[in-house]
Amino acid sequence: MEDTAHQVPETGRSRRPRGGGAWSRYASALRTPKGMAAAILLVVLIGGALLAPVIFPGGYDQQARGALQGPSGAHPLGTDEFGRDILVRTVYGLRTDLSLILTAVPVSLVIGTLLGLAGYVSKPLGAVFQRVLDIILGFPGLILGIMIVLVIGTGWLALFLAIAVAGLPGFGRMARGGLLSEEQREYVLAARVLGVKRSTIMVRHILPNVVDPLLVQASVFMVIAIFIEAGLSIVGLGINPPNPSLGAMLNVGARYVQTLPSYVIGPGVMLLLLALAFTLLSDALNQAATRR
Amino acid sequence: MTLSSNDTGATAVGTTAAGTTDGPATNDAATDVLLDVRGLTTEFHTAEGVVRAVNDVSFSVRPGQILGIVGESGSGKSVTARSILRMVRPPGRTTAGEVRYRGTDLLTLGDKEMRDLRGREIAMVFQDPQSALNPVMTVGDQIAEALIVHGADKKKARERARELLGQVGIPDVDRRLDDYPHQFSGGMRQRVVIAVALASKPSLLLADEPTTALDVTIQAQILRLLAELRDQLGIAVVMITHDMGVVAEMCDEVVVMYGGRVMERGPVDVIFGNPQLPYTADLLAAMPRLDDVAQGRSLPAIPGSPPDPANLPPGCPFQPRCRMAEDVCSQQVPELLPRVESGHLAACHVTQRGTPIPPLVTAAAADRVHGGEARPLLQITNLRVDVSNESRGLFRRPEPVYAVDDVSLTVRSGETLGLVGESGCGKSTLARTIVGINQPASGTIQVGDHVVGDKSGGDAVRRTVQYVFQDPYASLNPRRTIRQSLEEALAVRGVPPRERDAEARALLERVGLAERHLDRYPHAFSGGQRQRVGIARALAADPKLLVLDEPVSALDVSIQAQIINLLESLRDELDLGYLFIAHDLSVVRHLSDRVVVMYLGSFVEVGDAEAVYSNPQHPYTAALLASSPIPDTAEKNRERIVLGGDLPSPKNPPSGCRFRTRCPIGPLHHPERTICIEQAPALEQTETGQLAACHFAGELSRAGALP
Amino acid sequence: MRKSTTPRRRQAGVAVVALASLLAAGCSSAVNQAEEATASGGSGECQQGGTVVAANSSAPEVSRVFAQSATNLLWVRAVFEPLINVSTAALDDPQPALATEWEISDDGLSAVLQLREGVTFHSGRAFTADDVVFTIQQALDPATVSDVKAILAGWEVEATGEHEVTITSATPLTDTLASTLALTPIVDSESYAGLADGSQLVGTGPFTVESYTPGADIVLAKNTDYWQDGLPYLDRIESTTIGDSTAQVSSLRSGRAQLSSGLTVQDALSVTEGSPQFELLDTINGTYPIILDAVEDQRVRQAIGYAIDKDRINEQVFGGRGTTDGLYWAAASDTYPEDLAGAYDYDPEQARQLIEEAGAAGTEVPITIINLPVIAAEYEIIANNLTEVGLTPSLTALAPPDYQQRLSAGTGGNFLSLRGLNGSPSFLLQTNADLRLEGAHRQFDTPEYTELATAVIEATSPEESAEAVYELTEYMNEQAFLHSLVTAPGAAVQATDLQDVDVVLGGWVPAATCYTE
Amino acid sequence: MTRFLIRRIPSVALVLVATSVIAFLLPRLVPGDPAAVVAGPDASAETIAAIRTELGLDRPLVSQYFDWIGGLFTGDLGQSLRFNRPVSELIGDRLVSTLELALLSGVLLIVFGIGLGILAGSTRSRWARVLVEGTNTGLLAAPPFLVGLLLILLFGVAFRVLPTSGEVAVLDDPGIGIQYLILPALALALPMSAGVARLVQTRMLAVRQEDFIDLAVSKGVPPRRIDVRHVLRNSLGPAVVAIGIRFGDLLAGAVVIEAIFARNGLGQLAVSGAQSADYTVVQVLIVGAVFIAVIGQLLTEVVLAALDPRVRLG
């Protein structure tokens, strides 16, 4: 630290990302209170989901005659309409949700980013993709998801695609925005003047600086993806039974909200926690990305 | 824990200093002192610890006086100004001292009283007029607001706003009152900011680098305005600046700050004539000057860089860079003590004993190797660059906007061609077109034997021409270490991976950095060091020609000289050709063999540096030279040509001579000179040898003054 | 320094003002208003007047007036009346409607109906025998959706008087006449074109159509010229669509709706259980079979019959309101083969054994369903059961267009089906898509089946009929190409202060429905 | 401004044309046959075929497409396959319901979003900020339907003050209508407003760092006035953009909320249309929604221009 002189009192608004390795920055994001809370929540939730078959070796479809029983020692959240343990199904539902969002969102991130960066390869191509993304963005609410599910047929794959496609415009626009501003950065110009290959400039200089906001967006979109799953479940196009998902459970549980509130509370709280974890994570990442 | 021990030491000394430094200012009757600052200390509580940005600062201002506070970045000058108005941003806090305004200690006032006083008694002008005005409020409203919050009614406030705009020299007031800030040029905006500050007729104006963001000709306008205001309204001004030239021209007294402390203070002519602080003396010496012919000699430079306020050296803050430092300097903070001349105080252990400051020795520059036939490295012929960035509409082409309009130049190896002009004149566009960032609309750029734009030309150009950016921070990828940046450049040159490490070290050494810097990220460097890295990266491509786009203008004065010297020695050792672009005429003069003056996309004067500076043939050149402040109080009363108005937009350049709308000898002042409106002057040989594009070339130079 | 409350206060102020003005504007509370509509309670005398809000989970479809359709359950019999009404509770006891009496010849091949006089359409035109002829012609149009087209196709209908109609048929009418006519309501020839798009809905029923919003609701007003004196009691019926079950439940609880259909039994029970305000109402009887078109091995088909815990389905999906005899026929009919009931009672051991014999352990059993909550719930239990006995069920859940297209094209594979149980075995064998001989969705087809089914259809006497049904049922059990899992009445919810909510084939007949004091 | 709008026409038109093709093809890619829906569950293949012919579904796709587009230009949106009614009528019947909901939730979105944002961005008390931030984060993580369920529980079951099911047109009976509207609008607006609030807050904090705030302070402007006149107006841009994007959503996509609160709006029409392969309805709704989204974007830019003279005049 020879001289950070004009960083302490004089400048107030240089919001340039600070240098340093990417990992150390993300690690520092997790050291903030929000980041810490997000990390703990995620570890617990993902750990629970991964270990579900170990904790509940009986699986999620252990039907029995005792349907819709209230909470008890054997069934802390009671049983559902087929006599299955709601807690077990909630944890497996979490597993389904996580399996969806943790695969679909990254895929969406990658494809969306590629579409957004297409303008780097060819300007007309970039413009065309941008229009395509505009159209996807214009699609009303769940309708796109519904159409996708209807075309593919209900099930995990359809939900996966519905989520992945819905994320494209966000990632694509953000990547394009980042590309346009990064292209004007002096260090990119400097590399161009040096004669660095375009592909190298993209990989070395543009991508790493576009990635931060994209990761924040990915984290935000995780929450939206959870909502998409739930929304499609509510219109009856969710995961195929007997697989549980949080949205599908909420959809059914909502009917018993008076007689068996734990049927809604269990998956509802789980869904909130999951969404909360990613909301906090996005906040923490955002802070880390824009910290001066 | 060096920090805390250093801190306590400083505080202890500071307290005593506060007691003893009731210098001449407070000897005057209390009524005669408008503002009296004593022992002011402002700290920032950051994660890394407490940073004392302002440390035991004392000075006073009398009514109608202009006090300069000079210092480099991190010296605490701006925080001092903010502390006076209690506008330090969190986590900053003023922890000690008094700020007596007309006898009242502002630091003890209630929030409301303080608000009443802001603007009405003490007003402030900020550095950057681009950001100092609310973009969504009309300027009229912004001026009126300053009155309304102090109780004026709306109608009166608006009336006064109109009056004020007129007073600060904004033409066509009635129409412009309801314009928004973005509709004004930079200089006009600064006038608006000043109008806002003047609204409630304050007695004291705190001007925080009011002209730093402005061009020389505009700076001259604003400085003149401030001087007039003082003369007409009797307003006292505290002028915060880094520019010794501005101090010399404007101020009555000066306070020199370094490392958060006042190191020297006194009447301007005393300090400029007989500085008692090695720092002040060296700083004055290190500035390249318009008026001296430093060709062939490197600049006297202060080594090192200004200290980090978070990590001040023990004892005298300047001691690590001071050529006169003794043991005591690193042990004890020097007190600010009176010197021989009345009102002159300085804080230096060494000069306190009467030791004179020896003149700064300057190393003779290395011999320039460019003997014999210098080959032309770069030849530009009739270049035009279209910068209209509107995308092509479906039905129509956008109007072309030529930021560079029909220019030709040549740069030879070992030679520096200086390119000067104000912001917006197209000099950066020209530079960027040379290295291929912008595309020429017509004309040719020939590098060596290759023409830029040809398929074969690209690589050759890159190997021959490299670019050094103005902002070294922006031009280094914050995510990549210096090693990565350099090795990338070396890889492009085709250096095998095994040799890159050694090559990178050699490069760093060449620009005065050490091997240990290799694996650091840009943010860990000071501005000067970053610029060295930027130069090293450009050199990595082993170029013949460097395009230097304002390479020193973002740097502190004490650092500028280092970089200039570095550039100079590199040029001479490697036989490089430079296209050196700057708005600072003195820097250009020091480095350049030949000079090009650019105005609104065209060259108005081209010639040997010597000839152009001593005998400008184009009125614009003359005005530029006259507007540049000279850090010498003797020059205070020299004749000045202050250009009116602003640079016109290149979208819609004036007909005929492009300079005619501001020309002091053009149709504005000589209505009979219609030729200027009808016909664009060509660049032609003048009697003093250089080329100038003026129908009345040499007139201003001959007359020596304004009509 | 630390109070910058104004913007906040101002915001809050705005909100308060907005809320206040809103409450002032709405000093009549919507909640109260809704409650007032139902606030009566108790039982006893029928009251004149009142509005019933009837919520259905699917939107009215006017193109399906000639079909038994859940989507039209709560309005179609208010507007369109058939000649004969058949109560869902008593299939063997048809009641006169627009026909006052009817007589079937001994050979069962012809019938003479006397029509009610003094009946007018909502347009004011008098109802005559020609309208019957016209109606049946329309029902036979290829593009008309009619459940009983197969039967009507064999009929000759003749107006043998202004108020008399004679029907002659190729197959005996004994077991089919009532159900067929009950599902063919009389339409008005003058406005028939307007029926296609719902712009003109003219019948003879106790209510006239006040407004119809396609896909959403249909509002009915009292027909003051109704042929039955003193009827109807109600002034208005708002038959509205609430697709979401949660919303429908809350529409009942909040007092907005007094009648609701399309809920799953579980949902309906969640409203009615322990509630003095609501009770369950049985509607059309339905049977819920699984059709095993894609299981080649007869033993595996039988095994599936044993494997499925029908009682648990009944209990957990149908609230225990159905029967699980494993037969397709209505237990109330005279020809019901009681001995054969329960052949496939839950017996997983037996199932496993059969599967082992067939060497079919682990066989995939793909099952196609329509994406409805009840069917999906049914599937959950079936899948669980099949997994238990060593089969591997897999699901294709389809939206209606896909499901119905696949079934009609015979590409549904194994599927779960849901059919109204609207008549005698003979009637079902001619109309029901799982059973009928022509245009069936079931792919299983053998000469034996055709022969046995034809015997049922052509039987003229009750004895003959019973014997034919017995033999057919035996064959069906043995082949096990379909298993009827549960037979259950549709579950509607009615407010307890509504009286005489009668349901016949086709839907709710609101003529006598009234609020009680 | 008009020039700006005219300049956008080609790209808007391009998007709409592309959308119309997608909107036309996508529903037809869904397996299944609308005629089968019309025919009902018991229908035979012959009946379905007859209905197909009657609905004109056996004609070549290209001619179906151009008929539809041709109709659009003459104001004829086509006939619903399922209801055999003009699509315009189906939409018209629901438009008011959806508009009401969109408008009120739009207003709530603006009030809560910006209000909450201002609160978070201007409060100087640590605890207040933590509270507002917490609320905000909670709302961000809560999906609209969960909020909806909660509201139903709270107001429909626990305290029966507001109706939770159905609707009465506000135009017919303002007092009652608005009561029906409040809960769904809240459920729709609250979670969205958290996002808007976040934007306003972030922006306010950033604007607070601007030099012109210093200038205002140095003029002696009181903090409250600074918040309102200087910080706020410069902070609304991103929020306006977000609201602009969301408003399209509100209009066309409140599917779940409409379902939960038993409102017959366009969202429901779209869902049921999609599920019953009512191509003609779905394609119009999709094109309409994209059209509205495009208009929303343009409007956003207009509002931005109104807020920011640099956009307006520059």
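Residues are numbered from 1 along each chain as its sequence is written, and chains are lettered from A and ligands numbered from 1 in the order in which they are written. Because the model is predicted, local features need pLDDT of at least 70 and side-chain atom pairs count only at pLDDT 80 or more, while totals for chains, interfaces and linings use all residues; side-chain values use heavy atoms, with hydrogens and water left out.

**Chain A**

Select chain A and colour the chain by secondary structure. Ten helices and zero strands are present; helices (H or I, at least four residues) and strands (E, at least two) are DSSP runs, numbered from the N terminus. The C-alpha trace of chain A spans about 75 × 45 × 30 Å along its principal axes. Of the 292 residues in chain A, 59% are buried, where buried means under 20% relative accessible area, exposed over 50%, and partly exposed in between (1.4 Å probe, protein chains only). Contact means heavy atoms within 4.5 Å. Among the contacts in chain A with a separation of 6 or more, 72% are between residues 24 or more positions apart.

Next, select A:Arg84, located in the loop between helix H2 (33-55) and helix H3 (86-121) of chain A. A:Arg84 has a relative accessible area of 1% and therefore counts as buried. Show its side chain together with those of A:Asp61 and C:Glu380. A polar contact is a pair of N or O atoms within 3.5 Å; within protein, one must be able to donate a hydrogen and the other to accept it, and residues adjacent in sequence count only if both atoms are side-chain atoms. The side chains of A:Arg84 and A:Asp61 form such a contact at 2.8 Å, and the side chains of A:Arg84 and C:Glu380 form another at 2.5 Å. Leaving aside residues up to four places away in sequence, A:Arg84 also touches other residues, including A:Tyr60, A:Gln62, A:Gly78 and A:Pro242.

Then move to A:Ile152 in helix H5 (residues 143-152) of chain A. This residue is partly exposed, because its relative accessibility is 40%. Not counting residues up to four places away in sequence, A:Ile152 touches A:Leu157, A:Ala158 and A:Leu161.

**Chain B**

Select chain B, which has 25 helices and 24 strands. Its 707 residues include 59% that count as buried. Colour the domains separately: domain 1 (1-19 + 591-707), domain 2 (132-199) and domain 3 (376-389 + 396-414 + 424-575). These bounds come from an automatic or database domain assignment. The C-alpha centres of domain 2 of chain B and domain 3 of chain B are 42 Å apart.

Most residues other than glycine have a negative phi, and most peptide bonds are trans. Select B:Pro90 and B:Pro91, which are joined by a cis peptide bond with omega of about 5 degrees. B:Pro91 is in the loop between helix H3 (77-84) and strand E4 (92-101) of chain B. Go on to B:Lys201, whose phi is positive, near 50 degrees. B:Lys201 belongs to the loop between helix H8 (186-198) and strand E7 (204-208) of chain B, and is exposed at 62% relative accessibility. B:Asp406 likewise has a positive phi, near 60 degrees; B:Asp406 is in strand E14 (residues 402-412) of chain B and is partly exposed at 46%.

**Chain C**

Select C:Leu231 and C:Pro232, where the peptide bond is cis with omega near -10 degrees. C:Pro232 is in the loop between strand E10 (217-222) and strand E11 (236-241) of chain C.

Now select helix H11 (residues 310-318) and helix H13 (residues 373-388) of chain C, which pack at about 145 degrees with their axes 10 Å apart. Axes are lines fitted to C-alpha atoms, for helices over the stretch in contact, and angles run from 0 to 180 degrees between N-to-C directions. The residues in this contact include C:Ile313 and C:Phe318 of H11(C) and C:Ala377 and C:Ile381 of H13(C).

**Chain D**

Finally, select helix H5 (residues 87-122) and helix H8 (residues 174-207) of chain D. Their axes come within 6 Å and cross at roughly 35 degrees.
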